[in-house]
Amino acid sequence: MRENHFSLQRKAYALLSFTAGVLLFTSCAQDGFDEETFSSSVTNTTLSSPSAGDISIEASTDNSKTVITWKVIYGAGGYICSVYDMSDPDAPVAVDDYENTLVDGCSLAVTREEDTNYKFTIRTAGNEELNNKEAETTTEVEFNSFTETYATIPDGSDLSEWFAQNPIPDEAIDEALCYDLEQGGNYTLSNDLDFGLKQVTLRTKSQSDHAKITYTGSSVSILTQTALTIKYVDFDCSASKAGMIELSETPDESIYSATGSGTYYNIMKSIVINGCNIDGINGNVIYDNKVAYCLETLLIKNCVIRHTSSSVASNNISFYFPGGFINDFEIESSTLWNAGDQDATYFVQYNNSGRSTRAGYDKNYVSYKNCTFYNIAKTGQMGNYSGFNGQSTSVWVMTNCIFVDCGNNQVCRRFVGGAINSSDATFLNNTYMFDGEFESTDGSVDNYDTSGTAIEEDPGFKDPTNGDFTVSGSAQLAKRTGDPRWLPEE
């Protein structure tokens with residue numbers, strides 16, 4: 001894979017003088033300057049700030065930190081530094097409390113988050129002992145932690161046409177290539193877009209100003225049979241009765257193998273949907289086209305998915321794998337709800353033979369964490385995967401979730417497929433409300449959450465019919481359950 005790198009845009013601005021903050025010490029001797037040279041080479045002058053070209057910004061070896069270094073300014077009394085998370089440009093957030101912080105040295109290291117825009121500012125502080133005044137200008141450097149861009153797709157493009165004219169190179173078979181959509185851009189999809197065995201990341205490089213893809217064909221999908229990542233992109237799928245994402249109907253035989261006791265088309269990689277607002281799902285979010293796939297991992301994170309289930313689709317199963325299964329299915333910090341006039345038979349359905357050991361894995365997983373579900377499979381089932389139920393290889397995790405009018409009042413039972421190995425099940429702080437009542441929490445045969453933590457209180461959604469799931473229930477607020485986007489800031 002390509003190494004993540006930092007794209008830099010540098011600029012200097014004159015800013016008002018800062019008040020120095022917390023004093024931090026980092027010796028400049030590591031930069032080849034002893035303390036005497038650093039402190040005494042310049043006197044009686046107005047200092048300058050380090051230039052943008054003399055500032056280095058790199059990821060640490062484990063990608064957990066951003067390491068910022070700069071050349072020494074002789075005679076300085078330190079450097080007044082700030083580092084901001086610019087995910088919301090109108091409300092920058094100081095990283096690790098670096099805001100107008102006096103740094104007595106030539107480097108600092110701050111926490112690095114994935115796919116984030118940042119800004120670093122530095123002004124040279126004065127030195128009273130040497131009669132040196134602080135710099136009159138502050139240098140600003142903008143950088144980000146996004147994966148390297150392979151190509152940017154112009155605003156207004158029909159993606160099916162653009163990729164037909166700009167084929168994905170074969171190098172994407174071995175390493176994912178990142179295609180950027182323009183911030184705030186509008187795109188269409190008029191025909192199927194099949195990435196085949198090419199690994200693709202499709203993203204907007206902004207967490208707050210997403211590009212939007214509108215499906216204009218009546219039966220179009222994005223198709224793949226390998227790794228696929230979609231980040232910070234909004235979708236309108238309302239014109240299509242097909243799945244938003246489908247696995248290729250004619251997979252390449254190179255991925256067909258018997259890695260366990262069964263034989264599958266093995267996608268030994270991940271499909272990730274992160275930070276997306278998805279509207280107008282008439283049938284499936286993901287569909288395997290009735291092919292015996294084993295998808296290693298599906299991660300839905302920080303998304304809002306609105307189903308508009310209707311009779312235009314052949315079925316309304318959100319995650320539909322009638323041919324195979326997902327070995328590790330995770331939903332985190334997301335909201336899924338149905339505003340359509342048709343109910344779903346199932347929320348998740350796998351082929352009944354699907355199980356980890358049959359595809360070469362030790363365990364299979366279903367995990368929902370900090371999610372909000374509303375009107376999902378109200379008269380149907382949350383899960384149907386009999387190959388998982390009651391097996392010691394199955395791991396179930398459901399924590400801090402809110403379910404309202406879901407799963408025919410049997411959310412827990414169907415989540416674990418109807419049978420459970422209790423040593424591999426974790427339930428915590430979940431709300432299960434159906435038609436104003438609550439699922440039993442007394443540990444009876446029909447109850448599978450025996451944690452004693454289930455919340456029997458109305459979460460008090462503000463306007464669920466119109467997609468506002470702001471929480472007012474005191475118990476949910478105290479435990480901070482459901483999709484975090486609907487909770488007040490701490």
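Buried means under 20% relative accessible area, exposed over 50% and partly exposed in between, with a 1.4 Å probe and protein chains only.

**Ground rules.** I am working on a predicted model, where local features need pLDDT of at least 70, side-chain atom pairs count only at pLDDT 80 or more, and totals for chains, interfaces and linings use all residues. Residues are numbered from 1 along each chain as its sequence is written, and side-chain values use heavy atoms, with hydrogens and water left out.

**Aromatic rings.** I looked up ring pairs of Phe, Tyr and Trp (its six-membered ring), taking centres within 6.5 Å and calling planes under 30 degrees apart stacked, over 60 edge-to-face and the rest tilted. The count by this rule comes to 36 aromatic pairs. I picked out F319 and F347, which are edge-to-face, with 5.4 Å centre to centre and 85° between the planes. F319 belongs to strand β27 (residues 319-321) and F347 to strand β30 (residues 346-350), so this pair ties together parts that are 28 residues apart in sequence. Strands here are DSSP runs of E, at least two residues, numbered from the N terminus.

I also checked K378: its charged end sits over the ring of F434, 5.8 Å from the centre. The test asks for NZ of Lys or CZ of Arg within 6 Å of the ring centre and within 35 degrees of the ring normal.

**An open sheet.** Next I followed three strands in the order β3-β4-β8, with antiparallel pairing; strands pair if DSSP finds at least two bridges between them. β3 (55-59) and β8 (107-111) are at the edges with a single partner strand each, so one side of each has no neighbour in the sheet. Between β3 and strand β4 (residues 65-70) I noted five bridges, and A59 stands opposite T66 in β4.

**Parallel strands.** I then found strand β23 (residues 277-281) joined to strand β26 (residues 304-307) by three bridges, running parallel. N277 stands opposite V304 in β26. β26 is also joined to strand β29 (residues 335-338), in parallel, by four bridges, and R306 has W337 in β29 as its bridge partner.

**R203.** Is this arginine, R203, buried or exposed? At 1% relative accessibility, R203 counts as buried. I placed R203 in strand β15 (residues 200-204). Its side chain makes a polar contact with the side chain of T149 at 3.0 Å.

Note on methods: A polar contact is a pair of N or O atoms within 3.5 Å; within protein, one must be able to donate a hydrogen and the other to accept it, and residues adjacent in sequence count only if both atoms are side-chain atoms.
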